[in-house]
Amino acid sequence: MASFPPDEIIPAQGTSSDSMSGAIRTEDGPKLKGHQRLLNRLQRMTSTPSLEQIGRSRSSSTGLRRVGKGTMSCISLSSTLSHGQCWESSSSPQIYGKSPHDRHDEDTGPIRIVETELLPPNGSKQATIALPAEMRPCSRGSLLKSTDILVKADAALDESVLSEALPENQNKNYWDTLPVEVQLRILSCLMPKELARAARVSKTWHTLCFDGQLWTKFDTSTFYSSISREALVGLIFSAGPFIKYLNMRGCIQMEKAWLEHGEQLADACRNLASINLEDCHIDNMTLTFLLVRNPGLVRISMGAHSTISNSELNVISKSCPLLEYLDLSWCRNLISAKGLKRVVRSCHQLKELRIGEFRAVDNEFMQALFETNTLETLILSHCSALTDDSLKILSHGSDPKIDILTGRPIVPARTLKHLDLSRCRGISDVGIGHLAGFTPELESLQLSFCSSLGNDSITNLIRTTPRLARLDIEELEELTNNVLIALSKAPCASRLEHLNISYCEKLGDTGMMQVLKNCPNLRSLDLDNTRVSDITLMEMCTQMRKRGFGVKLPKCGLRVAVFDCGNVTWGGVREVLSNNTFVPRFAEAEALATKPEEESESGLSSPSSSTSSVTILPPPPPPPETTQFTADLYPNEIIQLKCFYGWQQTVDRHTKRVLDGNLGAAMRLERKWANCMIANEEAEAGGAGARRRRRRARDAEMLYNLDDDDDAEYGYGPAGLASLGNRRRRARSGGCVVM
């Protein structure tokens with residue numbers, strides 16, 4: 001058998017020339033026979049991934065020789081040998097390179113050098129090479145899979161790299177490395193009950209959880225019904241010195257604890273600035289301890305406390321000179337005007353006084369309020385003892401000086417901003433008239449259920465309150481549309497946000513139309529059980545469109561309640577739903593499309609004498625589809641409607657879709673609902689229903705004619721129809737029937 005020339009073989013030192021014989025022939029050479037042919041076509045199969053790690057590649061699928069590095073390895077599984085031996089024969093190919101025909105080309109094929117270390121020391125042809133550690137059998141007669149070996153090797157490599165790169169961060173406690181301020185800021189997000197549980201982790205956490213910065217506000221309003229008395233007592237004892245705002249409202253489980261540990265609890269809480277003890281069943285002795293040991297109290301709320309008497313008010317007047325807020329509503333059993341007078345005269349910084357359901361109001365108490373003149377909020381609702389003389393003393397004093405020219409008292413203006421006189425049955429137009437001109441800072445006025453009030457007093461008061469933003473005149477049956485017209489012309493019209501005229505059955509569209517046009521900042525309207533009709537709803541829609549459109553999702557800008565309004569039909573409700581989805585998309589697109597046309601027409605002028613008669617026309621404007629009108633528009637604000645209960649579910653679903661920005665689904669819902677309502681009316685129009693419908697129309701016409709005679713008295717329009725009991729009927733406006 002022929003061999004390669006000697007210059008093709010580079011043996012190492014000490015390498016036998018016999019081992020270098022038996023080169024492989026290519027297809028261009030002589031035809032191979034016998035075992036040489038078999039060895040030439042034998043595929044090299046890698047038996048271990050360790051061979052790939054040293055750079056050896058797999059042989060090609062063809063029978064040709066390899067151009068790159070390559071070898072053939074075999075592993076003996078004989079039990080007489082050690083784990084893996086490599087048998088080498090002088091006849092087996094050991095050199096893979098170029099053929100003799102290609103040796104004049106560029107020499108890129110490497111040649112394998114057979115080292116002498118691989119040969120046995122006795123010079124035999126057999127050599128034994130031990131398997132790598134990862135391929136040694138884990139059990140008798142079995143080898144590890146190559147995939148398992150690779151996974152374990154990669155995991156071991158990752159662990160070694162991580163251990164070398166981050167040796168210090170394996171068991172590092174990041175919480176201890178944070179500054180104390182950051183730790184306290186994180187713990188401040190926990191509720192008091194959760195802080196108490198976290199304090200059991202360790203002594204360090206106990207110190208952090210009961211730091212004074214976390215317990216300045218102790219509010220039990222969210223968990224008072226789920227915490228035990230012992231836990232509450234323990235928390236107050238632990239955090240008491242740090243608490244500034246204590247809210248124990250509704251903690252009835254503390255009734256026994258106040259009796260047993262009242263003095264100790266009061267000793268623990270000595271830095272209170274605000275305390276709320278409504279409906280917590282605290283005894284008078286513990287309350288006295290708390291008031292005496294906290295002279296810096298600014299807010300005290302003890303509403304609905306049946307055991308408070310003048311003695312506690314006396315303690316407040318002596319121990320709480322910085323008091324600004326006092327709530328004694330519904331404490332009507334043991335409190336008199338004398339005790340309140342002491343508090344008002346001793347607490348010179350008192351700004352808010354709530355004494356609802358107080359039945360012992362007298363002139364001396366009102367004189368004390370007039371002299372101090374520091375109150376900004378005065379709640380006197382349900383005070384049956386309040387009279388016109390009491391309001392006169394509150395506004396003018398007991399013996400004021402009178403201006404000779406105007407006949408008005410010369411007294412300083414009141415600082416009142418919020419006045420609640422609802423359900424005070426003893427006051428009339430005379431008492432309300434005393435307030436006119438002396439409350440210029442008034443922002444909220446509540447006169448609900450004062451049935452004896454009329455137009456004149458309220459009109460005069462509205463004209464002298466330029467900052468009025470909330471007006472509540474519910475169930476004043478004597479009011480007419482003149483009040484609403486005066487309100488629309490008053491200085492406070494631009495500031496008005498809330499208006500409640502529910503159950504004012506003489507108020508209708510005539511007054512509400514003027515209010516809607518002149519009060520652009522309205523946020524809430526209560527119109528239930530009034531004579532408003534669909535015309536008012538249409539005007540609301542017009543005013544809401546003036547608030548503009550934008551790319552942001554809409555929000556509720558006006559809340560309207562019109563349930564139990566007999567003149568409001570489903571047609572008016574549909575108008576509101578349609579307005580909530582109205583967006584001027586096509587109008588905006590047309591405006592953008594016609595703008596280039598106007599500019600081009602304005603740019604064309606008469607040709608000059610120096611130019612030719614040929615006129616070059618400008619390029620045509622782009623069609624509406626190519627304009628820059630790409631952003632979706634939504635109404636900035638929509639109307640949230642409360643209407644007839646049979647329609648309310650549809651209205652709520654429609655409003656939800658609009659707020660979510662799904663205007664298409666809202667439009668489909670409106671269209672289907674309108675079709676359903678039309679079908680129901682058509683079904684009622686046939687047969688005996690037609691006769692009932694004609695009879696109801698005649699009755700409505702008769703009532704309408706009667707209302708025309710009464711409209712001249714209080715300025716009603718043609719839409720001011722009286723309600724037909726519990727029935728609902730169509731609205732009329734100048735002969736135009738809506739739906």
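Helix H19 (residues 534-545) is covered at its buried residues by elements that include helix H18 (509-518), strand S14 (524-526), strand S16 (555-561), helix H20 (570-580) and strand S18 (637-642). Here contact means heavy atoms within 4.5 Å, and buried means under 20% relative accessible area, exposed over 50%, partly exposed in between (1.4 Å probe, protein chains only). Helices (H or I, at least four residues) and strands (E, at least two) are DSSP runs, numbered from the N terminus. The model is predicted: local features need pLDDT of at least 70, side-chain atom pairs count only at pLDDT 80 or more, and totals for chains, interfaces and linings use all residues. Residues are numbered from 1 along each chain as its sequence is written, and side-chain values use heavy atoms, with hydrogens and water left out.

The buried residues of H19 are Asp 534, Thr 536, Leu 537, Glu 539, Met 540, Cys 541, Gln 543 and Met 544.

The chain as a whole has 24 helices and 20 strands. Of its 739 residues, 41% count as buried.

Aromatic rings come next. Rings of Phe, Tyr and Trp (its six-membered ring) pair if their centres lie within 6.5 Å; planes under 30 degrees apart count as stacked, over 60 as edge-to-face and the rest as tilted. This rule gives 8 aromatic pairs. Trp 175 and Trp 205 are stacked, because their ring centres are 5.1 Å apart and their planes at 25 degrees. Trp 175 belongs to helix H4 (residues 174-177) and Trp 205 to helix H7 (residues 203-209), so the pair ties together parts 30 residues apart in sequence. Trp 175 is buried, at 19% relative accessible area, whereas Trp 205 is partly exposed, at 23%.
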